[in-house]
Each structure stands twice: as structure tokens, then as C-alpha cells.
Amino acid sequence: MSKPTIRVLEDLQQVAAAAADEFVARGNRAIQHHGRFTVALSGGSTPKSLHTILAERTAKNPKLIDWSRLQILFGDERHVPPDHADSNFRMAKETLLSKVPIPEANIHRIRTENPDAGKAAEEYDRELVQVFQLKGEDQLARFDLIFLGMGPDGHTASLFPGTTAVHELRKRVVANWVPKFNMWRVTLTRPVINQAECVLLMVSGKDKTQPFAEVMGQGSPDVYPVKYVQPTHGELIWLVDKAAAGSSLAHAG
Ligand code: 6PG
């Protein structure tokens, strides 16, 4: 496990611009190296600016990246149909996927219209098996890049403090009941997240200052599950704006 890179940037726009730079550079490198780029998008509000920047840069420069070589997946999904206002897929579609020349077949969403969240998780696991050509139940998908955010409660993807998914070490995808939302989520598990070539965490806003300080300091990973994000043989990059970083920079190293 290598030391994480922590970059503190002025504001959300700069966090998103830096994330877009990483997306393009890593994407082009992956395509050159193994012919495709597998990336997991995240939900929440922070990634919207990243998506917008990627769509704008592509409009200005169609050669920015060969979208036909991308395989787009998702780190987690809310238990709603794809046209629901809370759907992470819907957000990604509106802000990015409908604006770039990516073949429909290269978009792998989590089918949370399934009334059984557990079945939706199993179905998404089969999607991983197919996209990554996995052999057997134990083989982990190795994404080129996984985007994640951090909630004010220290959750990431849909690994919420005190929920069972935080301690799932066998399955690749699980349905996770989140009492505080009274709702199911479907999420990639720690082993898959930590198998990635690179995990990029985007964190912005004042409501993240306290959890960010805990995560950089002595906070327990069971209380702040984002602390369990530790790629075993990949990179971890934090892109944090000044509001979220607050004064915890001294601990950031
Ligand atoms: C989701 C997410 C979630 C998100 C964080 C941060 O579906 O909500 O994937 O893990 O990344 O809650 O969200 P913000 O970017 O809105 O702060």
C-alpha cells in the first residue's frame, strides 16, 4: 500500500478540474496500455461538476479521449429506478453520458429498478464478471479508476457507518440497508474498491471539514468507513477543497 496523495485545491471547480485531468490522463494511458478504460462513477453532488467539465472538454476537443474504449460502471446506487431524481445513473446520464459519444453497451448501470435490492446486487455482480472476465467467485475486478465521495458521516460509496456492508470482505457487490434513509443501497464492497489501480476521492464543502479531520487523524474506520479505502496495490488520491480541508492540513503530511 503506497502513501496517499492529498491535494488541497481552492474550491469545488478546481477539485472537479483536477479530477477531469486525472480521468483524461489515466484514461488515455489505460487505453494505450490495455485497449480500454474501466471507470466507476460515484453519486452525490460533488461529481456533477466533474461530469460537466468532461462533457464540455469533449465538445471542444472530440479527440480528448476515445469514448468508445471506455467501460463506465458505478460505485453504488440508490434503490430507485433509473429515471428517479435520486438515481446516480440518471445524474451521470444527464450530466455526462448523454453528452459524449459513448456506446450504450459500454454503460453498465446497477439495475435498482429490481424491487429486490439483493437481486439487483447479484445482477450487478454478474455484470462485473462479464466486463472484467472474472473466473470464479473470488476473483476481484480491477478497475482502472474508481471515483468516490465522502459523506458528512464519513461514508463512501454506500458503506455507511454501522451497516453490514462495511464489513463485507467476501462478496464483490452487496445490497446494504441504510437505517438513516430507511432505504436499500447497492454498493461495491471494500475488496473491490481496494483492488483498483487508482481510487480518487473528491471532497468539497464545509460539512466535510470535521469528518475529513477525523479521517486524516485518529478517527476509527468503523465510524468513518472511508478510512477503509486503502488500495492494496494501487494509488489513492484525495482531491479536497479548502473548505473541507479546514485546518487538518497539518496532519495531512
Ligand atoms: C451516493 C454516493 C455517496 C457520495 C457521498 C458524497 O450515492 O450518494 O455515491 O457515497 O459520494 O455521499 O456525496 P456528495 O458529493 O454529495 O458530498
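This text walks through a predicted model, from its overall fold to its ligand and then to one residue inside it.

Residues are numbered from 1 along each chain as its sequence is written, and side-chain values use heavy atoms, with hydrogens and water left out. Because the model is predicted, local features need pLDDT of at least 70 and side-chain atom pairs count only at pLDDT 80 or more, while totals for chains, interfaces and linings use all residues.

Start with the whole protein. Its secondary structure comes to eight helices and nine strands. Both are DSSP runs, numbered from the N terminus: helices are H or I with at least four residues, strands are E with at least two. The radius of gyration is 17 Å, close to the 18 Å of the globule rule for 253 residues, so the protein is as compact as a globular protein of that length. That radius is taken over C-alpha atoms, and the rule is 2.2 Å times the number of residues to the power 0.38. Along its principal axes, the C-alpha trace spans about 45 × 40 × 35 Å.

Now look inside. Of the 253 residues, 55% are buried, meaning under 20% relative accessible area with a 1.4 Å probe and protein chains only. Contacts are heavy atoms within 4.5 Å. Among contacts between residues at least 6 apart in sequence, 74% join residues at least 24 apart.

A polar side-chain atom of Asp76 lies 2.6 Å from a ligand oxygen. A polar backbone atom of Ser45 is 2.7 Å from an oxygen atom of the ligand. The protein covers 90% of the 420 Å² of accessible area that the ligand has on its own. Such areas come from the Shrake-Rupley method with a 1.4 Å probe; for residues, only the protein chains shown count as cover.

Finish at Asn176. This residue sits in strand E6, residues 173-178. Asn176 is buried, with a relative accessible area of 0%. A polar atom of its side chain lies 2.8 Å from the backbone oxygen of Ser158. The side chain of Asn176 also reaches the backbone nitrogen of Ala165 at 3.3 Å. Beyond its neighbours within four places in sequence, Asn176 is in contact with residues including Phe160, Trp184 and Arg185.

Methods: Polar contact = N/O pair within 3.5 Å; in protein donor to acceptor, adjacent residues only side chain to side chain. Buried < 20%, exposed > 50% of the residue type's maximum accessible area, 1.4 Å probe, protein only.
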